[in-house]
2 protein chains.
Amino acid sequence: MFESAELGHKISKEEYDKEVPELRKNLLEAQLDLRDAGKFQVIILIGGVDGAGRGPTVRLLNEWMDARYIETNAMSAPTEEESAHPDMWRFWRSLPPKGKIGIFFGSWYTQPIVERVFKKTKDADLDESAERIIRLERMLHDEGALILKFWMHLSKDAQKKRLKKLEKDKEKGWRASKVEWEHFKLYDKFRKVSERVLRRTSTAEAPWMIVEGADARYRHLTVGKTILNALKERLAGKKVEAAASLPSALPPIDGKFLIKSLKYSQATTKNEYEKKLLKHQRELREIVEDSKFKKTAAILVFEGSDAAGKGGAIRRITGALDPRSYRIVPVAAPTGEEKQHPYLWRFWRHIPRSGSFVIFDRSWYGRVLVERVEGFCSDADWMRAYSEINDFEEQIADNGVTVLKFWLSISKDEQLKRFKERERIAFKHFKITDEDWRNREKWDKYELAVDEMIDRTSTDVAPWVVIEANNKYFARLKILKELCAHLKKAL
Amino acid sequence: MFESAELGHKISKEEYDKEVPELRKNLLEAQLDLRDAGKFQVIILIGGVDGAGRGPTVRLLNEWMDARYIETNAMSAPTEEESAHPDMWRFWRSLPPKGKIGIFFGSWYTQPIVERVFKKTKDADLDESAERIIRLERMLHDEGALILKFWMHLSKDAQKKRLKKLEKDKEKGWRASKVEWEHFKLYDKFRKVSERVLRRTSTAEAPWMIVEGADARYRHLTVGKTILNALKERLAGKKVEAAASLPSALPPIDGKFLIKSLKYSQATTKNEYEKKLLKHQRELREIVEDSKFKKTAAILVFEGSDAAGKGGAIRRITGALDPRSYRIVPVAAPTGEEKQHPYLWRFWRHIPRSGSFVIFDRSWYGRVLVERVEGFCSDADWMRAYSEINDFEEQIADNGVTVLKFWLSISKDEQLKRFKERERIAFKHFKITDEDWRNREKWDKYELAVDEMIDRTSTDVAPWVVIEANNKYFARLKILKELCAHLKKAL
């Protein structure tokens with residue numbers, strides 16, 4: 001969920017200074033158009049982690065735009081008057097009228113997340129709050145409101161760095177108080193809870209925009225541009241159909257994509273590989289033979305670019321396992337009977353029973369990869385697939401099954417090298433087809449699809465592990481290591 | 001929710017015998033069309049209370065239709081194989097392919113309802129299950145499936161009668177075993193839990209059809225005709241837009257509407273009225289002055305036909321109250337500022353704080369009454385309003401506020417009498433306008449809207465009380481009695 005917001009996005013001072021005047025002018029114009037049209041209101045929610053720049057962004061928006069048509073509502077602990085009414089009363093009081101913008105700094109998300117982090121509630125209560133919020137936002141949308149939800153994110157490392165820096169800073173040192181360090185201890189918990197809520201409440205009519213908060217210029221420009229873009233689209237009459245689909249967010253303004261940012265140069269020597277391979281395989285075998293594993297099960301998903309080495313990696317796993325304990329399910333285009341059922345049906349059939357291991361060589365992710373890029377299904381179909389897949393995996397994971405997904409990524413050059421090699425070597429020849437070359441032409445489209453897939457479906461219950469696979473030895477070892485670590489955690 | 005299914009619907013043997021052959025023929029034809037088209041599957045869920053005829057209906061459907069294209073799945077306790085997989089696995093296994101009909105006798109609803117009734121889970125868990133089901137059904141719908149959900153209902157009285165009759169019947173006497181009487185003790189709990197689930201899961205793409213189960217002929221014909229109707233519509237290419245709206249169910253096949261079935265002849269003499277009025281007013285005053293009431297609050301909603309006597313009834317309540325403790329909110333067409341906000345906004349403003357009383361003379365129900373009938377809002381707008389209103393009232397009730405809604409109903413003749421009288425008597429004259437006469441012309445449309453409103457928004461947390469108001473004395477006393485009873489229950 002937060003993968004793309006931990007890449008270290010940055011905007012240089014020159015670029016920022018160049019872009020801001022134009023952006024401010026356009027924002028002001030759009031705001032006046034909004035007022036003159038008077039047909040809908042804009043509701044902007046600002047949430048996120050401590051120190052990710054929520055406050056500064058709110059101040060900046062007030063500075064950039066005409067403050068007469070903005071209402072900023074800082075929603076902290078409820079007052080006595082507010083407590084004497086139902087929870088939502090104070091938000092209804094603060095809703096902006098049509099033609100205006102209302103910024104909520106702290107929102108209907110704050111309370112449910114905080115209460116769950118401090119264990120005053122359970123997951124079921126959290127989910128109930130989330131569903132209530134979905135219904136509220138759908139209603140606001142149906143009533144015409146434009147809802148923009150920003151989540152300011154900082155990685156754990158970035159947060160730690162920030163606190164240490166604050167500590168050293170004599171003037172601001174008081175800010176890195178004990179309280180902030182106490183909060184920091186809850187970072188993982190907070191991330192987990194927020195992820196659960198954000199995943200559930202990122203709907204077509206009110207999607208979350210996750211913004212990396214570390215670099216103020218990147219953060220400001222992203223928020224400003226996103227608001228401008230959404231305002232202009234709505235003023236031009238474009239309205240999302242409720243519950244139809246997730247709209248595409250703006251691609252990162254600094255062009256930094258997840259898949260493009262991988263370090264493909266990472267490598268392991270053959271010598272080291274052979275030594276460590278046996279070690280990791282032994283470790284895996286021990287885990288699977290543990291009596292505790294018999295009560296659970298595991299599903300591994302392998303997806304990746306063509307020629308990224310999925311087959312070889314899978315063999316290194318199965319090499320460590322008792323053949324009776326696993327099954328490999330290779331996934332190709334759906335057959336006749338499979339087409340007669342919803343697309344997830346053919347995967348439900350292969351869900352492992354307790355104590356066993358199923359490895360999917362390609363999977364249900366075909367829907368948001370090949371089917372999306374090749375147009376085999378409608379836009380609405382692949383868009384709704386993200387949440388359907390999240391539901392599917394959560395149901396499996398809830399039953400005690402470990403769900404782990406590997407994306408094997410190689411660079412475009414490396415793929416070309418491998419394709420050519422395969423054509424040269426006879427026994428590998430069968431592996432390269434015209435289709436592979438055609439897919440390669442759509443490299444950029446696939447890259448975008450993969451980025452979105454990982455952002456939308458890498459969850460706490462079923463995470464994606466991205467593998468830099470230019471070097472096969474490195475890739476195989478990393479897969480085994482990650483697999484062992486995740487299985488151990490689950491036991 | 002179950003109001004319309006407790007009216008004692010009946011179909012005579014003659015009518016039944018006349019209708020069935022045609023219905024069977026049409027069902028068979030539709031079924032063959034479904035098979036030939038092969039474009040979607042039909043998923044029929046049968047749920048409901050003990051003895052409401054679920055089993056016989058399933059058998060009948062199998063008899064009426066071509067059994068080769070129907071698969072009936074009796075979903076009782078999971079087998080060992082099923083238990084070793086995630087909960088939903090067994091339902092996925094049993095999904096019918098396109099072109100076929102799958103009947104689920106017991107479904108994904110059974111477990112969550114039963115577990116809640118036996119207190120193995122909490123409301124939040126129940127709601128979480130409901131939301132999961134909504135997502136599942138939306139996905140099935142998006143994948144093309146036609147989903148029909150029937151809930152067979154028996155009123156508590158009908159259930160009791162059935163058990164007593166079974167006890168006397170020597171041959172079948174074993175059926176009214178202790179177990180059934182034990183279940184009967186849970187009737188109220190079961191009804192409450194089912195209502196909560198049905199209310200949440202009655203969506204546009206998979207609405208619940210509540211069928212009164214007492215009369216087998218009425219039940220069979222209703223189910224058969226509903227299936228036929230839905231099949232034909234879908235075969236003709238009509239598909240509900242997901243999450244857009246609740247489709248209108250078939251009106252009761254025996255023409256028995258809730259509002260039409262009221263006993264308007266109920267009356268109280270003036271003498272009796274004056275005696276009892278004081279008694280009830282004193283009782284009300286005592287309740288409101290109870291220190292426990294200070295921690296709660298109450299919202300009363302008065303809706304009714306024109307000239308049904310809302311004002312007079314409200315005065316009989318306020319007459320018993322300290323003027324500082326209540327507020328009357330008369331609701332007319334929305335003003336300028338109110339129009340700039342979502343339609344519920346102006347009601348949120350008047351939500352009482354703890355210890356106080358708010359009486360709405362007309363209310364948010366305008367949306368599904370006058371706005372619906374007069375076309376002041378789009379169909380989609382009033383259709384989505386039912387669940388939005390339920391959400392709204394649930395939020396208020398969750399805060400400890402009693403929400404009670406009165407529908408004052410008079411017969412068409414009585415209304416005419418009162419209109420004429422008002423025109424005759426000068427000091428009442430201001431009360432009758434051209435608009436009243438125009439509304440009267442739409443009597444039938446209003447009647448349908450009221451029926452649907454009560455069925456969809458009379459909930460356990462915010463019930464409707466229907467008042468037969470032809471006799472004002474009777475009406476006022478009934479309102480006071482019901483009000484005291486509900487307030488007492490809440491304390």
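This is a predicted model: local features need pLDDT of at least 70, side-chain atom pairs count only at pLDDT 80 or more; totals for chains, interfaces and linings use all residues.
Me: Is B:Trp407 buried or exposed?
Reply: Buried. B:Trp407 has 23 other C-beta atoms within 10 Å, and the cut-off for buried is 20 or more.

Me: How far is B:Trp407 from B:Met75?
Reply: Their C-alpha atoms are separated by 41 Å, and the two residues are 332 residues apart along the chain.

Me: OK, on to α21 of chain B. Which elements do its buried residues pack against?
Reply: They pack against α11 (270-289), β6 (297-304), α12 (310-318), β9 (401-409) and β10 (464-468) of chain B.

Me: Which residues of α21(B) are the buried ones?
Reply: B:Lys472, B:Phe474, B:Ala475, B:Arg476, B:Leu477, B:Lys478, B:Ile479, B:Leu480, B:Leu483 and B:Leu487.

Me: What's the span of that helix, first C-alpha to last?
Reply: α21(B) covers residues 472-490, 19 residues, and reaches 27 Å. That is close to the 27 Å expected at 1.5 Å a residue.

Me: Which residue in β5(B) is the bridge partner of B:Phe150?
Reply: B:Met209. The strands concerned are β4 (residues 146-153) and β5(B), which run parallel and are joined by five bridges.

Me: How many residues of β5(B) are buried?
Reply: Four of its five residues, so β5 (residues 208-212) is mostly covered.

Me: Switching to backbone angles. What's phi for B:Lys119?
Reply: Near 60°, a positive value in a residue other than glycine. B:Lys119 is in the loop between α5 (110-117) and α6 (123-142) of chain B. With 8 other C-beta atoms within 10 Å, B:Lys119 is exposed.

Me: And phi for B:Arg362?
Reply: B:Arg362 has phi near 70°, again positive in a residue other than glycine. Its loop runs between β8 (357-361) and α15 (370-374) of chain B. B:Arg362 is partly exposed, with 17 other C-beta atoms within 10 Å.

Me: Which helix holds B:Asp142?
Reply: Helix α6 of chain B. B:Asp142 counts as partly exposed, having 18 C-beta neighbours inside 10 Å.

Me: Now the two chains. How many residues of chain A are in contact with chain B?
Reply: 38 residues of chain A, meeting 38 residues of chain B.

Me: Which elements of chain A give two or more residues to that side?
Reply: α4 (89-94), α6 (123-142), α14 (345-348) and α16 (379-398). The largest share, nine residues, comes from α6(A).

Me: How does that side divide into nonpolar, polar and charged?
Reply: On the side of chain A that touches chain B, 18 are nonpolar, six polar and 14 charged.

Me: What rotation superposes chain A on chain B?
Reply: A rotation of 180° with 0.0 Å of shift along its axis, at an RMSD of 0.1 Å. The two copies are thus related as by a two-fold rotation axis. The same surface serves both copies, with 100% of the contact residues of chain A recurring in chain B.

Me: Last one, the domains of chain A. Where are the bounds?
Reply: Domain 1 is 3-248 and domain 2 is 260-490. Their centres, taken over C-alpha atoms, are separated by 34 Å. The contact takes 10 residues from domain 1 of chain A and 13 residues from domain 2 of chain A. On the domain 1 side, those residues divide into three nonpolar, two polar and five charged.

Notes. Residues are numbered from 1 along each chain as its sequence is written. Chains are lettered from A and ligands numbered from 1 in the order in which they are written. The expected span of a helix is 1.5 Å times one less than its number of residues. A residue is buried if 20 or more other C-beta atoms lie within 10 Å of its own, exposed if 12 or fewer, and partly exposed in between; C-beta atoms are placed from the backbone. Two residues are in contact if their C-beta atoms, placed from the backbone, lie within 7 Å. Domain bounds come from an automatic or database domain assignment. Ala, Val, Leu, Ile, Met, Phe, Trp, Tyr, Cys and Pro count as nonpolar, Asp, Glu, Lys and Arg as charged, and the others, Gly among them, as polar. Copies are superposed by least squares on the C-alpha atoms of residues with pLDDT of at least 70 in both. Two strands pair if DSSP finds at least two bridges between them.
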